[in-house]
Amino acid sequence: MTTLTRQDLNFGQGREAGPAGPGAGASGLAGFLERTTGLCPPAVVADVLCEFLEVAVHLILYVREVYPVGIFQKRKKYNVPVQMSCHPELNQYIQDTLHCVKPLLEKNDVEKVVVVILDKEHRPVEKFVFEITQPPLLSISSDSLLSHVEQLLRAFILKISVCDAVLDHNPPGCTFTVLVHTREAATRNMEKIQVIKV
């Protein structure tokens, strides 16, 4: 199980100067964090987590051969090579999913994000679990913090890259889904919203 905690990603106050799309170089994260100056910390954390999760999902799909190798291109992220899909519909699905997750991350309502590989009958054959926890606030004042965060994200990406060596091959014709597990408070808030709308 892969565990990513927000403790290493809660940077303090910041504002995104521009999107660092898939495949941005190692300077993408550091540059993004260095340019941050105005949003509340949860928005910065959500941006960084979504960026990481996007790269992780693409890499999982590549490493676990859910889609043909030919639809992936080598890019560099967190100063390591990664494989990112160049298929427009797949990319849009991943982006849309993370777009829905981002507001929940900003409110600290996400407990975990799970990438589930499904067989032809839509039965789960494996899961990649990213647990999200809330740490105390950290300052973004030092370059060492930026370097530390990038190093942690790089370690996760490398871990995903080599997981194929320890896992069995998946059956042919697999698909995937992304599940978001929310905290109980988020569920109660959603129920309240639904009652009000009725």
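Tutor: Two strands pair if DSSP finds at least two bridges between them. Strands E2 (residues 72-77) and E3 (residues 80-85) have 6 bridges, in the antiparallel sense, so they pair. This is a predicted model, where local features need pLDDT of at least 70, side-chain atom pairs count only at pLDDT 80 or more, and totals for chains, interfaces and linings use all residues. Residues are numbered from 1 along each chain as its sequence is written, and side-chain values use heavy atoms, with hydrogens and water left out.

Student: Which residue is the bridge partner of Phe72 in E3?

Tutor: Ser85 is the partner of Phe72. E2 and E3 form a hairpin, with 2 residues between them.

Student: Why is Tyr78 called buried?

Tutor: Buried means under 20% relative accessible area, exposed over 50%, and partly exposed in between (1.4 Å probe, protein chains only). Tyr78 has 1%, so Tyr78 is buried.

Student: Why does Glu65 count as exposed?

Tutor: Glu65 has 53% relative accessibility, which is over 50%, so the label is exposed. Glu65 sits in the loop between H2 and E2. Its phi is also positive, near 55 degrees.

Student: How do you know which stretches are helices and strands?

Tutor: They are DSSP runs, numbered from the N terminus: helices are H or I with at least four residues, strands are E with at least two. The protein comes to 5 helices and 6 strands. Along the sequence they follow the pattern β-α-α-β-β-α-β-β-α-β-α.

Student: How do you know that the span of helix H3 agrees with its 19 residues?

Tutor: The expected span is 1.5 Å times one less than the number of residues. For H3 (residues 88-106) that gives 27 Å, and the end C-alpha atoms are 27 Å apart, so the two agree.

Student: Where does the kink in H3 lie?

Tutor: At Cys100, shortly before Pro103, with a kink of about 25 degrees. The bend is the angle between axes fitted to the seven residues ending at a residue and the seven starting there. Buried residues in H3 include Leu98, Val101 and Leu104. Just after H3, Asn108 takes a positive phi of about 60 degrees.

Student: What makes E4 and E5 a pair?

Tutor: They are joined by 7 bridges, and at least two are needed, so E4 and E5 pair. They run antiparallel. Val115 has Phe128 in E5 as its bridge partner. This hairpin has 5 residues between its strands, and His122 there takes a positive phi near 65 degrees.

Student: Which residues have the most contacts inside the largest nonpolar core?

Tutor: They are Phe52, Leu61, Leu105, Phe130, Ile157 and Phe176, in a core of 43 residues. H2 gives the most to this core, with 14 residues. A nonpolar core is a set of buried Ala, Val, Leu, Ile, Met, Phe, Trp, Tyr and Cys residues joined through side-chain atoms within 4.5 Å.

Student: Why is Leu59 buried?

Tutor: Leu59 has a relative accessible area of 3%, which is under 20%, so Leu59 is buried. Leu59 is in helix H2. Contact means heavy atoms within 4.5 Å. Not counting residues up to four places away in sequence, Leu59 touches Val82, Gln83, Ile157, Ile160 and Ser161. Leu59 and Gln83 are 24 residues apart in sequence, with C-alpha atoms 5.6 Å apart.

Student: Why is Leu179 partly exposed?

Tutor: Leu179 has 38%, between the 20% and 50% limits, so the label is partly exposed. Leu179 is found in strand E6. Among the residues that Leu179 touches, not counting residues up to four places away in sequence, are Lys112 and Val114.

Student: What makes Thr182 partly exposed?

Tutor: Thr182 has 22% relative accessibility, so Thr182 is partly exposed. Thr182 belongs to strand E6 (residues 175-182). Thr182 and Asp109 are 73 residues apart in sequence, yet 5.4 Å apart from C-alpha to C-alpha.
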